[in-house]
Amino acid sequence: MSERDDVLVVGGGVIGLASALALLDAGRGVRVLEAGTVGCGSSHGNCGTITPSHAAPLAAPGKIAKALKWMLTPDAPFYVKPRFDPALWLWLLRFAARCNTRDWRAAMVARAGILHESREQLPLWVRRYGLQCEYAEQGVDYVFHTERELAHLSAELPPLAELGIASEIIDGPTYLRNEPALREGVVGVVRFPGDARLRPDRYVDELARAVREAGGSIEEHCEVQGLADDGDGVRVATSRGELRGRDVLVATGAWSPRLAKAAGLSKLPIQPGKGYSITYDRPALVPKQPVVLYERSVCVTVWDSGYRLGSTMEFSGYDTSLNRRRLDALERGAREYLRDPVGPVKREEWFGWRPICVDDLPIIGRAPGHRHVWLATGHGMLGISMSTGTARLVADLVCARTPRLDPLPFSPQRFA
């Protein structure tokens with residue numbers, strides 16, 4: 001039998017690494033187990049925006065009707081690929097049941113709490129650990145071509161304001177006078193000044209560096225295949241042999257349901273939501289801060305080191321194909337809004353699966369029926385945005401400290 005580790009963290013993405021760092025800071029020993037390489041999943045190619053403005057969940061009134069309409073449009077921003085998949089359809093039924101004002105509001109309150117906590121902690125982490133990840137507190141602008149969609153988002157601003165999320169509406173002509181990168185046709189902009197951005201692949205690499213410097217270890221190409229209780233700890237079957245841990249944290253993102261099934265844990269109501277991005281060298285003319293081209297659901301992020309178009313949501317299971325139609329839709333959308341929509345050199349075309357929980361809230365806490373197995377997954381499109389808040393909550397729970405953040409809305413017990 002192998003020597004027992006203190007805490008084994010399964011998953012080397014942003015949530016696993018941030019949680020590992022917080023646990024190390026709390027005095028625990030940590031070994032991270034990653035099936036591939038650090039940050040190889042959805043932590044790598046997302047747009048890197050830090051968005052308290054995204055407190056409103058996907059499960060919103062009217063969302064299912066819109067999704068059904070978009071099923072016949074393969075490049076739609078929210079696309080469900082028609083197929084026989086009982087697990088997906090059960091998930092969609094449960095998701096649809098939450099598309100009401102009461103549940104939408106309750107989820108918004110919980111999401112705002114963890115987003116605020118994360119937004120407060122992130123700059124402290126950047127300074128404390130010297131994270132070189134192109135972090136900037138620039139805000140994010142939502143750009144509109146139609147009055148109808150502007151009015152739709154504007155209706156969400158009062159409840160967001162009640163939760164401490166500030167916004168500003170700017171009329172189109174005024175905005176265009178100060179933002180030469182945008183084409184004519186902008187009717188208005190909603191600015192969220194409290195949002196920020198970073199380069200996600202560099203953020204994850206820097207978290208890995210900080211984990212190692214704090215005394216943690218990271219084992220790449222070490223796939224976890226099963227978990228089993230071991231009295232006062234957990235036995236972990238891996239592709240490199242068996243390990244033992246006093247505690248185990250499962251932070252495997254969209255792969256969490258598969259590991260949960262193999263480990264005999266409760267079923268996790270998570271579906272993989274496939275997102276896409278394209279990364280370029282910077283064009284000559286770029287927006288002054290991150291922008292969301294609202295009608296096309298395209299996020300545009302600019303760093304000193306590059307330029308990225310991203311977003312979209314595709315429910316197609318674990319399909320590993322790179323959908324050319326959806327990549328082309330990113331560039332097509334950018335051309336509608338931007339004078340210089342793509343960069344001179346295309347560096348990467350990417351897709352990754354986000355872990356979309358049925359209520360669009362993360363699952364954070366002790367696994368039902370297990371004393372020493374913990375979960376931190378289901379962050380949807382907000383893994384980067386929620387990373388530091390999740391890490392603090394994980395460390396508080398695993399170390400039996402009084403948490404700063406109310407853990408109840410995120411508890412795995414809500415699905416037990």
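Buried means under 20% relative accessible area, exposed over 50% and partly exposed in between, with a 1.4 Å probe and protein chains only. The model is predicted, so local features need pLDDT of at least 70 and side-chain atom pairs count only at pLDDT 80 or more, while totals for chains, interfaces and linings use all residues. Residues are numbered from 1 along each chain as its sequence is written, and side-chain values use heavy atoms, with hydrogens and water left out.

**View 1. Two loop residues with positive phi.**
H221 lies in the loop between β9 (217-219) and β10 (224-229); here helices (H or I, at least four residues) and strands (E, at least two) are DSSP runs, numbered from the N terminus. The phi of H221 is near 55 degrees, a positive value in a residue other than glycine. H221 counts as partly exposed because its relative accessibility is 49%. D360 is found in the loop between β17 (346-357) and β18 (363-366). The phi of D360, also a residue other than glycine, is positive, near 60 degrees. D360 has 5% relative accessibility and therefore counts as buried.

**View 2. Surroundings of R28.**
R28 is placed in the loop between α1 (14-25) and β2 (30-33). With a relative accessibility of 10%, R28 counts as buried. The side chains of R28 and D6 are joined by a polar contact of 2.8 Å. A polar contact is a pair of N or O atoms within 3.5 Å; within protein, one must be able to donate a hydrogen and the other to accept it, and residues adjacent in sequence count only if both atoms are side-chain atoms. Apart from neighbours within four places in sequence, R28 is in contact (heavy atoms within 4.5 Å) with D6, V7, L23, R246, D247, V398 and C399.

**View 3. Packing of α5 against α12.**
Two packed helices are described by the angle between their axes and the distance between the axes. For helix α5 (residues 101-129) and helix α12 (residues 387-398), the angle is about 95 degrees and the axes are 6 Å apart. That makes α5 roughly perpendicular to α12. Axes are lines fitted to C-alpha atoms, for helices over the stretch in contact, and angles run from 0 to 180 degrees between N-to-C directions. Angles of 65 to 115 degrees count as roughly perpendicular, those under 35 as roughly parallel, those over 145 as roughly antiparallel and the rest as oblique. From α5, the residues I114, E117, S118, Q121, L122 and W125 meet S387, T388, G389, T390, A391 and R392 of α12. The residues of this contact between α5 and α12 divide into four nonpolar, six polar and two charged. Ala, Val, Leu, Ile, Met, Phe, Trp, Tyr, Cys and Pro count as nonpolar, Asp, Glu, Lys and Arg as charged, and the others, Gly among them, as polar.

**View 4. Helix α12 and its cover.**
The twelve residues of α12 should span 16 Å at 1.5 Å a residue, and its end C-alpha atoms are 16 Å apart, which agrees. The expected span of a helix is 1.5 Å times one less than its number of residues. Eleven of the twelve residues of α12 are buried, and the helix is mostly covered. Among the buried residues are S387, T390, L393, V394 and L397. Their cover includes α1, α5, α9, β12 (241-250), β18 and β19 (373-377). Just after α12, A400 has a positive phi of about 55 degrees.

**View 5. M386, in the loop between β19 and α12.**
M386 is buried, with a relative accessible area of 1%. Not counting residues up to four places away in sequence, M386 touches R111, I114, L115, S118, P362 and H379.

**View 6. R197 in strand β8 (residues 196-197).**
R197 has 8% relative accessibility and so counts as buried. A polar atom of the R197 side chain lies 2.4 Å from the backbone oxygen of E134. Beyond residues up to four places away in sequence, R197 touches several others, including G48, T49, I50, Y135, P290 and W303. R197 and G139 are 58 residues apart along the chain, and their C-alpha atoms are separated by 7.8 Å.
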